[in-house]
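Dear colleague,

I am passing on the structure that you will find just below, with its sequence. My notes on it follow, and I would be glad if you read them with the model open beside you.

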Amino acid sequence: MRPSTACPAGTTDYDVIIVGGGPVGLLLACLLKQQGLRLRVLERRAEPIAYSAAIGITPPSLQILDKLGLAAEFVARGVQVRDCLVHGQRGQLGCVSFREIPDAYRFILSLPQATTIAILQKHLGQEHVESGCEVREVRQFDQHCCVKTDEHALTARFVIACDGSRSRLRELIGMRAPVHVYDCHFAMGDFTDRSGFGEEAHLFFTEAGAVESFPLPGGQRRWIVQTETHLDHPPRGLVSELIKKRTGLDIPAADQLSESAFTPRKFNCARYDEGRIILCGDAAHVMSPIGGQGMNTGFADAEFLAAILCQADPRKWLPAYNHFRRKAAQTAIIRAEWGMWLGTRRGKAPSLLRDVLLKFLLRQKPVARHMGSFYAMLTIPFNTLKQVPLTSLQPRQI
Ligand SMILES: Cc1cc2nc3c(=O)[nH]c(=O)nc-3n(C[C@H](O)[C@H](O)[C@H](O)COP(=O)(O)OP(=O)(O)OC[C@H]3O[C@@H](n4cnc5c(N)ncnc54)[C@H](O)[C@@H]3O)c2cc1C
């Protein structure tokens with residue numbers, strides 16, 4: 001017999017229902033499980049993701065994963081990027097090093113998003129996740145919310161929208177996401193790595209456009225190239241062709257294992273909550289992937305939210321969640337935008353100016369050291385809950 005799709009009244013099925021089992025939803029679920037809350041993750045996908053969007057995991061995120069005892073497993077499965085070499089039109093400009101950043105983790109970890117999801121899912125346990133289950137409707141009442149899928153209706157004290165940048169829940173509660181689409185486009189491919197670059201990241205800023213390259217586990221490497229326009233399906237061989245033209249490097253198209261394209265967007269919702277429905281991760285904010293901060297910002301949202309959802313009345317703490325997490329996301333959005341702007345200026349004069357500026361900055365030791373902390377997200381305000389001043393964490397009357 002199919003379960004009822006009517007909204008049951010009375011006691012709630014769960015403390016928290018998380019809509020979306022992406023990296024942020026699963027991390028939040030793991031943190032809530034650790035606190036002993038009754039939870040359920042509803043995920044539309046029936047199969048694991050086939051692509052590897054987010055790869056860069058920063059030190060603050062590793063500290064959050066450490067709370068679950070998972071940092072060591074993440075580190076063991078990823079590649080530790082300690083140096084990022086920056087090249088201009090006329091050769092190497094300098095190096096952003098993470099070797100001296102003031103943190104226990106002195107590297108950016110590179111790990112495909114699919115592996116991040118798999119580790120979190122295994123830690124959480126399959127019994128807390130319902131896959132192939134799309135949420136169609138959500139309603140809220142005084143004491144609880146009701147979530148409807150094609151199969152059933154479930155109740156919980158709070159519903160967390162971790163359903164990504166095109167969040168259906170955000171739409172259902174009428175929350176506006178003021179999306180800005182950048183006039184900047186990229187094609188991307190993961191390759192079998194024969195570059196000889198080892199564990200280094202390389203950024204090439206050229207007159208004709210940017211080329212970025214990051215190591216991946218399993219002897220692979222990601223290459224990202226700036227393109228003229230948005231391409232739904234980049235033609236096979238395009239990434240290799242643009243790398244060759246701009247850098248002179250031979251990266252054979254035959255070594256390419258995956259291809260995709262993206263046009264960065266940004267938004268930061270004015271509020272992250274509407275009553276008992278709370279936005280988290282890409283559902284709340286989106287930034288340019290150039291800079292590798294979106295998932296990391298979502299991880300810090302999840303950490304904050306996990307801490308308040310186990311309070312007696314979490315709603316009293318939501319103003320603090322809104323304030324601190326919006327501010328952190330806004331900083332990351334602006335930094336990603338500036339980084340992308342600087343790296344993607346084309347033409348002789350802008351390229352020459354950029355070369356001079358970056359060469360000068362990267363040769364100043366204190367600046368170069370600060371850049372390591374900057375790109376490792378150590379200088380994002382409130383990058384973990386530990387950085388939030390306790391005095392400002394006061395519950396508000398509602
Ligand atoms: C090319 C690229 C590279 C990137 N690199 C980095 C990087 O290096 N570092 C970094 O920090 N970030 C990076 N990002 C950003 C990162 O991928 C996102 O910030 C991250 O995926 C957000 O996670 P999330 O869990 O909030 O949302 P998502 O990953 O989008 O997950 C949302 C989940 O919700 C599910 N869902 C949606 N609607 C419903 C529904 N109605 N019912 C049930 N389930 C639903 C979806 O199936 C999905 O599994 C990159 C992004 C791109 C595009």
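H1 passes H7 in a right-handed crossing. Please keep in mind throughout that this is a predicted model. The two helices, H1 and H7, pack at an angle of about 30°, and their axes are 9 Å apart. Because angles under 35 degrees count as roughly parallel, H1 is described as roughly parallel to H7.

On the H1 side, the contact is made by Pro23, Val24, Leu27, Leu28, Leu31 and Leu32, while H7 contributes Met295, Gly298, Phe299, Asp301, Ala302, Glu303, Leu305, Ala306 and Leu309. Sorted by class, this contact of H1 with H7 holds twelve nonpolar residues, one polar residue and two charged residues.

The ligand comes next. Of the 33 residues around the ligand, those that come nearest are Gly20, Gly22, Gly164, Gly281 and Gly294. The elements that give two or more residues to this shell are helix H1 (23-34), strand S2 (39-43) and helix H7 (294-309), so named in the order of their numbering. Which element gives the most to the shell around the ligand? That element is H7, with four residues. By class, the residues of the shell divide into 13 nonpolar, 13 polar and seven charged.

Strand S18 (residues 265-268) pairs with S21 in the antiparallel sense over two bridges, and here the bridge partner of Asn268 is His285 in S21. S12 and S18 likewise pair in the antiparallel sense over two bridges, with Val181 standing opposite Arg265 in S18.

With best wishes

How values were computed
Residues numbered from 1 in each chain as written. Predicted model: local features only at pLDDT ≥ 70, side-chain atom pairs only at ≥ 80, totals over all residues. Near = placed C-beta within 6 Å. Nonpolar A, V, L, I, M, F, W, Y, C, P; charged D, E, K, R; others polar. Axes fitted to C-alpha atoms, helices over the stretch in contact; angles between N-to-C directions. Parallel < 35°, antiparallel > 145°, perpendicular 65-115°, else oblique. Left-handed = near helix turned anticlockwise from the far one by under 90°. Contact = placed C-beta atoms within 7 Å. Pairing = 2+ DSSP bridges.
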